[in-house]
Amino acid sequence: MADDESLFGGVEPDAAALIAARPHLSRDADGGLMLEGVALASIARDLGTPCWVYGAGTIRRRLAEMREALDAAGLAHAHIHYAVKANDHLAILALMAAAGAGADVVSAGELGRALQAGIPAGRIVFSGVGKTLADLAQAVTAGIGQVNVESREELAMLSAVAEAAGRAVDLVIRVNPDVDAETHAKITTGKAENKFGIAWDDAEAVYAYAATLPGLRPRGLAVHIGSQILSLAPFREAYGRVADLVRRLRASGHEVSRVDCGGGIGIPYGAGAGPSLTGFAGVLADTLGDLGLDLMLEPGRWLVGPAGVLLASVVLSKQTGERRFLVLDAAMNDLVRPAMYDAWHGIVPAEATTGEPQKPVDIVGPVCETGDTFARDRLLPALGPQALVAILDGGAYGAVMSSTYNARPLAAAALVDGNRWAVISPRQEIADLWSRERVPAWLSDAAFAGA
Ligand code: LLP
């Protein structure tokens, strides 16, 4: 992944550099880590660990920064549709709703969450390569703002659903521009061999086909080439290709009034600067700005990723052979990104440390897999049992990708807003783990017992 150690030229940023690069993090006079105005240790004391903490002020500030960059590039009309998959907590969605953002959803569940949090259906777009008839029916009945259609087959399904509901549905055609986003293979979506979107060469024919189907109003195009994209070049290439397609479609007499530009803007997981929003907005303006389009964006990670941390406590440290291990009470079931994408996350002490020299240590969780490793050879001061650490940049694709593997309850979560904070998810109880499971009576039936 583009954010792995190789990015740092072998010298990883230390805790001070990581904190200095994140305006929402600071140290108080005693060395305790603060998120906005709240000491993380006080949240950990109340809620226990592992525990997610998100900064509402930080998310609002990032949303405003994105808005300003778009406005400054002359794109005041561009709409932001937050990609719910990055962090679907109701509190985060309610914050987005209050800030005027729309949503990008990919399942009936995400649609339900967005509506529940108060995001109006008309401001929701529905993406995804495998929407079922039931998903589409739910979206159409709710009055969804737009469906991003990814295949001819889906067009036929959506038309049938629209007809049955007696509604006309606005849609855009998601095209696959065959552009390399230069990110991790597992989160690249805009190459010809990926499952996403309509093949570039079929796009015009599919658009024309959509215009013939009852109940459908083709409004334009959508494109999303991947996630954690750190260079602007792939965006420029993809949006440039889409602009050409808009011109060609219009020349053939089609109405094309919208382009949904997807998400994918990366964040620095280290201490660097990351892609510039001004630069990104400039690319949008250069490529699509003069076509009189309604532009839409679907950012997820950029808005919420840096705003969250995963707090964990040290269980113990041990030495096996040559390697030193720091075993945390958080694991890959909480934050799977390092195991799944070899992703690099900053890990810093959240309380004052003794100032002993830093030694390289492998930071691992208690799950019974070697992949349950958050970091290798990380330089940290000596940390004893109960010491609190913060795993940084866990606001996106953190809690949403959690599981209860190894029968580990889902972690608690808290939302900070300036100087106040609230619990937004209590820790799952052990008994909740099996509360929806049923054991058939015949398993304990005498006739089968001992079989
Ligand atoms: N729109 C569509 C159609 C998407 O598929 C995605 C993300 C987004 C928007 C938001 O992308 P973002 O701005 O967050 O990059 N679990 C992976 C990331 C998967 C992204 C999937 N699609 C990770 O932890 O890195």
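## Ground rules

Strands here are DSSP runs of at least two residues, numbered from the N terminus along with the helices. One more thing before we look around: this is a predicted model.

Let's start with Asp-393, which sits in the loop between strand S19 (388–391) and strand S20 (412–417). Asp-393 isn't a glycine, yet its phi is positive, at about 60°. Asp-393 is also buried, with a relative accessible area of 2%. That loop between S19 and S20 holds Asn-406 too, another non-glycine with a positive phi, this one about 65°. Is Asn-406 buried or partly exposed? With 34% relative accessibility, Asn-406 goes down as partly exposed.

The peptide bond from Thr-49 to Pro-50 deserves a look as well: it is cis, with omega near -5°. Pro-50 belongs to the loop that runs between helix H2 (40–47) and strand S4 (51–55). For context, most residues other than glycine have a negative phi, and most peptide bonds are trans.

## Strands and sheets

S1, S2 and S3 make an open, antiparallel sheet of three strands, in the order S1-S2-S3. Strand S1 (25–27) and strand S3 (38–39) are the edge strands; each has a single partner, so one side of each has no neighbour in the sheet. S1 and strand S2 (residues 33–35) run antiparallel and are joined by three bridges, and Leu-25 has Leu-35 in S2 as its bridge partner.

S19 is covered on both faces: Leu-388 and Ala-390 are buried on one side, Val-389 and Ile-391 on the other. Strand S14 (residues 308–320) runs antiparallel to S19, with four bridges between them. Strand S16 (residues 347–349) is antiparallel to S19 too, through three bridges. Ile-391 turns up in both pairings: Leu-310 has Ile-391 as its bridge partner, and Ile-347 stands opposite Ile-391 as well.

## Salt bridges

How many salt bridges does the structure hold? The count is 22. In one of them, the side chains of Asp-417 and Arg-60 meet at 2.8 Å, N to O. This pair ties together distant parts of the chain, with Asp-417 in strand S20 and Arg-60 in helix H3 (residues 56–72), 357 residues apart. Asp-417 is buried at 19% relative accessible area, whereas Arg-60 is partly exposed at 39%.

Helix H3 also has a local pair: Glu-65 and Arg-61 lie four residues apart, about one turn of the helix. Their closest N and O atoms are 3.4 Å apart, and they form a salt bridge. Glu-65 is partly exposed at 33%, and Arg-61 is partly exposed at 33%.

Asp-170 forms a salt bridge with Arg-217, at 2.8 Å between the closest N and O atoms. Here again distant parts of the chain are linked, from strand S9 to strand S11 (residues 216–222), 47 residues apart. Asp-170 is buried at 12% relative accessible area, while Arg-217 is partly exposed at 35%. Both belong to a salt-bridge network that also includes Arg-219, Glu-255 and Arg-258.

## Surface patches

Now to the outside. Asp-180, Glu-182, Glu-193 and Glu-237 gather in a negatively charged patch on the surface. Glu-182 comes from the loop between strand S9 (169–176) and strand S10 (198–199), and it is partly exposed, with 48% relative accessibility.

There's a nonpolar surface patch as well, formed by Val-439, Trp-442 and Leu-443, with about 370 Å² of accessible area together. Trp-442 lies in the segment after strand S21 (420–425). Trp-442 has 53% relative accessibility, so it counts as exposed, the cut-off being over 50%.

Terms used
Residues are numbered from 1 along each chain as its sequence is written. This is a predicted model: local features need pLDDT of at least 70, side-chain atom pairs count only at pLDDT 80 or more; totals for chains, interfaces and linings use all residues. Side-chain values use heavy atoms; hydrogens and water are left out. Buried means under 20% relative accessible area, exposed over 50%, partly exposed in between (1.4 Å probe, protein chains only). Patches are made of residues with over 30% relative accessible area and no salt bridge: like charges are joined within 9 Å, nonpolar side chains (Val, Leu, Ile, Met, Phe, Trp, Tyr) within 5 Å. Accessible areas come from the Shrake-Rupley method with a 1.4 Å probe; for residues, only the protein chains shown count as cover. A salt bridge is a side-chain nitrogen of Lys or Arg within 4 Å of a carboxyl oxygen of Asp or Glu. Lys and Arg count as positive and Asp and Glu as negative; His and the chain ends are not counted. The place of a charge is taken as NZ of Lys, CZ of Arg, CG of Asp or CD of Glu. Two strands pair if DSSP finds at least two bridges between them.
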